[in-house]
Amino acid sequence: MTRRYFGTDGIRGHSNVFPMTPDLAMRVGIAVGTMFRNGNHRHRVVIGKDTRLSGYMLENAMVAGFTAAGLDVFLLGPIPTPAVAMLTRSLRADVGVMISASHNPYEDNGIKLFGPDGYKLSDELEMQIEDLLDKDPHAQLAKSADIGRAKRVEGDIYRYIEHVKRTLPRDVTLHGLRVAIDCANGAAYKVAPLALWELGAEVVTIGNEPNGTNINLDCGSTSPANLQKKVHEVRADIGIALDGDADRVIIVDERGEIIDGDQLMAVIAESWAEDEKLTGGGIVATIMSNLGLERFLRGKGLDLARTKVGDRYVVEHMRNHNFNVGGEQSGHIVLSDFGTTGDGLVAALQILARAKRLGRPVSEICRRFEPVPQLLKNVRFSGGKPLEDMVVRQAIADAESELVSKGRLVIRPSGTEPLIRVMAEGDDRAQVERIVDGLVDVIANVRSAAA
């Protein structure tokens with residue numbers, strides 16, 4: 001069944017343009033409220049957001065929808081996505097909502113939904129919501145006496161900070177470490193520096209002055225250049241770059257070099273395996289993770305299970321097969337011992353704890369393998385299905401044949417933007433570049449001809 005509203009990570013789009021309009025946000029509140037209005041208790045929803053200007057608009061629209069459906073609303077304000085997932089469970093809510101477009105620019109926004117267990121909703125539940133969204137919302141409204149109430153909750157960021165701190169053993173402190181952190185002018189601009197400081201670190205913070213339009217703007221995990229400069233400037237032991245909703249992280253070592261999610265997963269997997277805490281016999285990552293990670297894990301006697309792109313699919317596989325470490329190359333790291341979704345700050349603390357334990361610089365402990373040459377390019381398209389064109393399909397088949405036993409080819413449409421992502425990796429960098437450039441040209445020519 002074709003999806004009209006949901007992508008790989010909730011509903012996302014350009015603010016004030018379908019589907020990111022206040023009208024749809026209200027209808028989402030009504031539809032989701034109707035679905036989770038089960039039992040005879042007072043039903044409640046928690047709503048968090050990042051720092052985008054459009055968050056005010058969408059938050060109020062969703063309050064109208066949920067209260068109209070008969071749910072009480074707890075407004076958390078700017079708070080990380082993993083905090084919303086945690087507080088959904090902690091506050092015994094029926095559903096949790098995060099209003100965020102993650103690493104996208106401020107012009108975009110999105111709606112992420114969590115069930116009462118703190119996990120993102122399944123594909124099946126999202127399709128049920130889509131079905132309700134296309135029906136008359138008036139039939140879903142609560143009776144006059146059952147309309148919900150809304151209140152802003154103060155202080156719940158401190159619940160999350162305590163949760164984050166408890167992911168480390170009590171005898172582990174960050175005393176003696178100078179930590180530079182880039183909060184991306186996003187949802188973690190308050191909680192992340194405070195949590196690090198309470199753990200004993202000397203904290204240098206950038207990207208902590210949100211104004212509604214500067215979230216992810218030349219900062220955060222997608223633009224770590226300023227953090228690299230700051231690490232050099234203050235001689236930090238580590239740099240931590242979060243994204244707009246703080247569910248992903250990129251590390252900058254003391255030399256100013258970037259460490260991606262694949263390397264971070266390797267560090268955590270190795271550490272947890274040594275401590276006999278790793279379950280599932282390995283970790284879960286997506287089809288985009290580097291072949292070097294797979295080879296590294298194999299050398300440690302560990303497996304790498306791959307899923308399609310999207311942290312929700314990583315989590316689903318983790319739950320079904322008893323893994324407790326998973327994530328994406330982009331920096332979504334899911335540690336199910338501590339949470340139900342990606343948490344950039346919690347993942348960063350695992351790296352800091354490893355550095356303290358070994359007494360070695362971050363540049364040493366986080367370079368666990370040599371990445372296989374990998375190239376990713378995007379082709380934008382405005383309509384149609386380029387990947388179904390016979391010329392494109394033949395070009396892909398030829399490329400796959402050339403890479404057999406030498407590397408991997410991954411071609412997929414983006415779940416959040418009108419893009420075709422073309423990725424290849426292999427031991428021969430020149431071959432990888434030639435294959436990717438050739439496929440990009442073929443797809444672009446087909447797109448141009450269709451236009």
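1. Salt bridges overall. The model is a predicted one, and it holds 36 salt bridges. Side chains of opposite charge can pair when their charged atoms come close. Several of these pairs are taken up individually below.

2. The pair Lys112 and Asp247. These two residues form a salt bridge in which the closest N and O atoms are 3.3 Å apart. The pair links distant parts of the chain, since Lys112 belongs to strand S6 while Asp247 sits in the loop between strand S10 (238-242) and strand S11 (249-252), 135 residues apart. Both Lys112 and Asp247 are buried.

3. The pair Asp117 and Arg319. A salt bridge is also made by the side chains of Asp117 and Arg319, at 3.7 Å from N to O. Where does each partner lie in the chain, Asp117 on one side and Arg319 on the other? Asp117 is in the loop between S6 and H4, Arg319 is in helix H10 (residues 311-321), and 202 residues separate them. Asp117 has a relative accessibility of 35% and therefore counts as partly exposed. Arg319 is likewise partly exposed, because its relative accessible area is 47%.

4. The pair Glu274 and Arg354. Here the closest N and O atoms of the salt bridge are 3.2 Å apart. This pair, too, links distant parts of the chain: Glu274 is in helix H8 (residues 261-274) and Arg354 in helix H11 (residues 344-358), 80 residues apart. Arg354, by contrast, counts as buried because its relative accessibility is 7%.

5. Domains and the contact between domain 1 and domain 2. The protein is divided into domain 1 (11-153), domain 2 (159-366) and domain 3 (374-450). The C-alpha centres of domain 1 and domain 2 lie 27 Å apart. In the contact between them, 33 residues of domain 1 meet 31 residues of domain 2. Together the two domains bury about 2,500 Å², with 58% of that area on carbon and sulfur atoms. Within domain 1, the residues that lose the most area to domain 2 are Thr51, His103 and Tyr119, which together make up 26% of what that side buries.

6. On the side of domain 1 that touches domain 2, helix H3 (81-90), strand S6 (108-114) and helix H4 (123-133) each supply at least two residues. Which of these elements gives the largest share of that side? H3 does, with eight residues. By type, the residues of this side of domain 1 divide into 15 nonpolar, nine polar and nine charged.

7. Arg52 and its surroundings. Arg52 is found in the loop between strand S3 (44-49) and helix H2 (54-68). Arg52 is buried because its relative accessible area is 1%, under the 20% cut-off. What does the side chain of Arg52 reach? The backbone oxygen of Ser102 is reached at 2.8 Å. Beyond neighbours within four places in sequence, the contacts of Arg52 include His103, Tyr106, Asp108, Gly212 and Asn216.

8. Most residues other than glycine have a negative phi, and most peptide bonds are trans. A cis peptide bond joins Phe18 and Pro19, with omega about 10°; Pro19 is in the loop between strand S2 (10-14) and helix H1 (22-35). Asn216 has a positive phi near 65° and lies in the loop between strand S9 (202-206) and helix H7 (225-234). Glu276 also has a positive phi, of about 60°, and is in the loop between H8 and strand S13 (282-286). Asn216 counts as buried because its relative accessibility is 8%, whereas Glu276 counts as exposed because its relative accessibility is 74%.

Methods: Residues numbered from 1 in each chain as written. Predicted model: local features only at pLDDT ≥ 70, side-chain atom pairs only at ≥ 80, totals over all residues. Heavy atoms only, no water. Domains from an automatic or database assignment. Contact = heavy atoms within 4.5 Å. Buried area = accessible area lost by both parts, 1.4 Å probe. Salt bridge = Lys/Arg side-chain N within 4 Å of Asp/Glu carboxyl O. Helix = DSSP H or I, 4+ residues; strand = E, 2+ residues; numbered from the N terminus. Nonpolar A, V, L, I, M, F, W, Y, C, P; charged D, E, K, R; others polar. Buried < 20%, exposed > 50% of the residue type's maximum accessible area, 1.4 Å probe, protein only. Polar contact = N/O pair within 3.5 Å; in protein donor to acceptor, adjacent residues only side chain to side chain.
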